[in-house]
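Subject: Structure handover

Hi,

Here is the structure we talked about. Please load it before reading on.

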Amino acid sequence: MSESTSHRVLFCIGVNQNFMDSTKEVMGDVWQAFSAMMKGISDLPGVNVLGIMDDDRIQVGPSASAPWTAYIMADVPDLETVIAGCDFFRSTPVGDGTYSLWKYCKVEARIGRELVVPS
């Protein structure tokens, strides 16, 4: 049995109160930035996005108690790439670029390995 050298990563994303306090126009700008962040992670070298889940249909408002709203599960080649994925929250501008995505969302990466159901 060969073991994969990549990491199975769960990017856990929470929306904060700044987003909820925003105007609909700013919320639209945040969504554009959020979309750019997802594409950025997907386009990182060696990243294979396995799935994205958003539980916004059963959770309304900021993620205060959950504390996450959306999740990106991906196979990622190394720790530096995980860091680069998280860095999109610091570097992705929202609207006119006064603020970045991290004003409205937080991210935390969980790193592990693929767990296979025994046959």
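My notes on the sheet, the helices and the rings follow.

This is a predicted model: local features need pLDDT of at least 70, side-chain atom pairs count only at pLDDT 80 or more, and totals for chains, interfaces and linings use all residues. Residues are numbered from 1 along each chain as its sequence is written, and side-chain values use heavy atoms, without hydrogens or water.

Sheet. Pairing takes at least two DSSP bridges. Strands β1 (residues 7-15) and β3 (residues 70-76) share seven bridges. One partner pair there is Val9 with Ala74.

Helices (DSSP H or I runs, at least four residues).

Rings. The whole structure holds one aromatic pair. The criterion is Phe, Tyr or Trp (six-membered ring) centres within 6.5 Å; planes under 30 degrees apart are stacked, over 60 edge-to-face, the rest tilted. Trp31 and Phe34 are stacked, at 5.8 Å between centres and 15 degrees between planes. They sit about one helical turn apart, because three residues separate their positions in α2.

Charges over rings (Lys NZ or Arg CZ within 6 Å of the ring centre and within 35 degrees of the normal). Lys103 lies over Tyr99, 3.4 Å from the ring centre. Lys106 sits over Trp68, at 5.0 Å.

Best regards

Note on methods: Helix = DSSP H or I, 4+ residues; strand = E, 2+ residues; numbered from the N terminus.
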